Amino acid sequence: MAAIKILSVDDEAPLELLMKQYFRRKIRNGEYEFYFAHNGLEALAILYNNPDIEIILSDINMPEMDGLTLLAKVNEMRNPALRVIMVSAYGDMKNIRQAMNNGAFDFATKPIDMDDLSVTIEKAIEQIRFVHESQKAHTQLESLKKDLTTARDIQQYILPQVFPPFPEESDKMDVYASMEAAKDIGGDFYDFFRIDDERFAFVIADVCGKGIPAALFMAVSRTMIRSKGSQCDNAGECLTESNRLLASYSVDCMFLTVFYAIYNTNTGFITYCNAGHNPPHLLRANGTIEELPMARNMIVGAFDDIEYKEDTLQLEHGDTLVMFTDGVTEAMNGAEQEFGVERLDNILSGMAGKGSQQIVEAVKAGVSDFVDDAEQSDDITMLVLKRE
C-alpha cells in the first residue's frame, strides 16, 4: 500500500523535528511520507507539485498566508480525499471554530499532544480510504453503465431496424416491429427473413429473466432460430431443432417463449408454431378481431427431445397479424392494474385498414397512457404483418 502523504505547515522549526522523531517508525516502514512548509504560500507550491498529498496539518497563525486562507485555497481544489487538520493555541477557539465551519476535518491545540494527533491522523486516513473505495466503486459503476449502453446499442443493431424490410414485396405485405427494453438491455427479440422466393419467416420471442444473462441468451437464441429457419422446411421442425440445441446449452435453466411463422406472400397462407408464447391477435380487414388459439407447444430451451407441432392460418387481403410479448398486456400502472387483452383489442378494433407502423405506434401510445408514470416492468415488443 502506498504511503500516506502528509504536509505539515507551521512556521515553528522545532515542529518538523518533532514530527520526524515521533513518526519515525511509520516513515521508515513506508506508511507515512512527510512534507514541510513554513507558511501557506510554500504549502500551495508543494501541493501543486505533489497533488497526491492527502493530509494537511496546518497552523492557523503564520506569516505571508495564514492557515484559514490556506484552508480556503485547499477547498477550491475540490479534492474529496484531502483532509485538513488545523493546529492552534488552545485559547484561539474563535479561529478554530471558523476553520471547522469552513470544512476542516479536525483540530489539535498547542502544545501538541502527539499521541492524540496520531489518533486524529488515523481517523483521517480511514475517511480517505473510504473516499477512495467510493471513487473506485463509482468508476466501476460508470464503466458498467458504459458497457450496458454499448450492449444496448449492439442489441438494437442486431434487430432489424430498416422498414419496410422487403421493399420489393411492399405490394404483398406491410411489416413493422418495435422493441423497448425495460432495462438497459432486454430479453425480447423479433426477427424476419426470406426463406425462398415466396416464403418469409417471422419470429417474436421472450427470454425468461432480465438484464445481461437474458440479453446474451436472446442473442444466441435469435441466431439459432434464424440459422435453423433457413435450413428447415416448416415452423415445427425449426423450433424442434432450435430447442434441441438451446436446451443442451441452456445455463441456469433459461428458456424462451417463441411464436414462429412462415408466410407465403402469394397465397397469404401461414404455417406457424407457438411455443408457450402469447397468442397473436388477427385483425381482419372488416375490423373484427380474432385471438389465435393458446399455445399447444412447450417453451423452448428447457427440455430436450420435444417435437413441436405447427398450425395454419389464412390471411386475406387487408388482414393483419399482430404479434406481441407479454410486456404489452401485462404492463402495469401505478395501481398495479394490467393493460390487458381487452384494452389491446379496443385499440386494434379502430385500426382496420391502417398500416403496420400505425398499429404498433397506436398500441405503444395506449400502453404509455395507461401506465402513466409507473416504471416499465417488462420489455415491450411488437411485430405486425399485414397482407396487402
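**Close-up views of a predicted protein model**

**View 1. Helix α5 packs its buried residues against α4 (67-77), β4 (83-89) and β5.** Packing here rests on contact, that is, heavy atoms within 4.5 Å. Buried stands for under 20% relative accessible area, exposed for over 50%, and partly exposed for values in between (1.4 Å probe, protein chains only). Helices (H or I, at least four residues) and strands (E, at least two) are DSSP runs, numbered from the N terminus. The model is predicted, with local features needing pLDDT of at least 70 and side-chain atom pairs counting only at pLDDT 80 or more, while totals for chains, interfaces and linings use all residues. Residues are numbered from 1 along each chain as its sequence is written, and side-chain values use heavy atoms, with hydrogens and water left out.

**View 2. Helix α5 (residues 93-101) has N95, I96 and A99 buried.** Seen down the axis of α5, these buried residues fall within an arc of 100 degrees, so they line one face of the helix. The arc is that of the directions from the helix axis to the C-beta atoms. An α-helix has 3.6 residues a turn, so residues three or four places apart point the same way. K94, R97 and N101, on the other side of α5, are exposed. Just after α5 comes G103, with a positive phi of about 110 degrees.

**View 3. Five strands make an open sheet with parallel pairing, in the order β2-β1-β3-β4-β5.** Its edge strands, β2 (32-37) and β5 (106-110), each pair on one side only. From one strand to the next, the twist averages 20 degrees. Two strands count as paired if DSSP finds at least two bridges between them. Strand β1 (residues 4-9) runs parallel to β2 and is joined to it by six bridges. S8 has F36 as its bridge partner in β2. Across β1, β2 and β3 (55-59) lies helix α1 (residues 13-22), which runs at about 180 degrees to β2. For such angles, axes are lines fitted to C-alpha atoms, for helices over the stretch in contact, and the angles run from 0 to 180 degrees between N-to-C directions.

**View 4. A second open sheet, with antiparallel pairing, has five strands in the order β7-β8-β9-β10-β13.** At the edges stand β7 (188-194) and β13 (311-314), each pairing on one side only. Neighbouring strands of this sheet are turned against each other by 20 degrees on average, direction ignored. Nine bridges pair strand β8 (residues 199-207) with strand β9 (residues 256-264) in the antiparallel sense. R199 is opposite N264 in β9. Helix α7 (residues 211-231) lies across β7, β8 and β9 and runs at about 20 degrees to β7.

**View 5. V367 is part of helix α11 (residues 356-371).** With 4% relative accessibility, V367 counts as buried. Apart from its neighbours within four places in sequence, V367 is in contact with V328, A331, F339 and I380. V367 and I380 stand 13 residues apart in sequence, and their C-alpha atoms are 9.3 Å apart in space.

**View 6. The protein chain holds 11 helices and 15 strands.** Its radius of gyration, 34 Å, is well over the 21 Å that the globule rule gives for 388 residues, so the chain is more spread out than a compact globule. This radius is taken over C-alpha atoms, and the rule is 2.2 Å times the number of residues to the power 0.38. Along the principal axes, the C-alpha atoms fill a box of roughly 100 × 45 × 40 Å.
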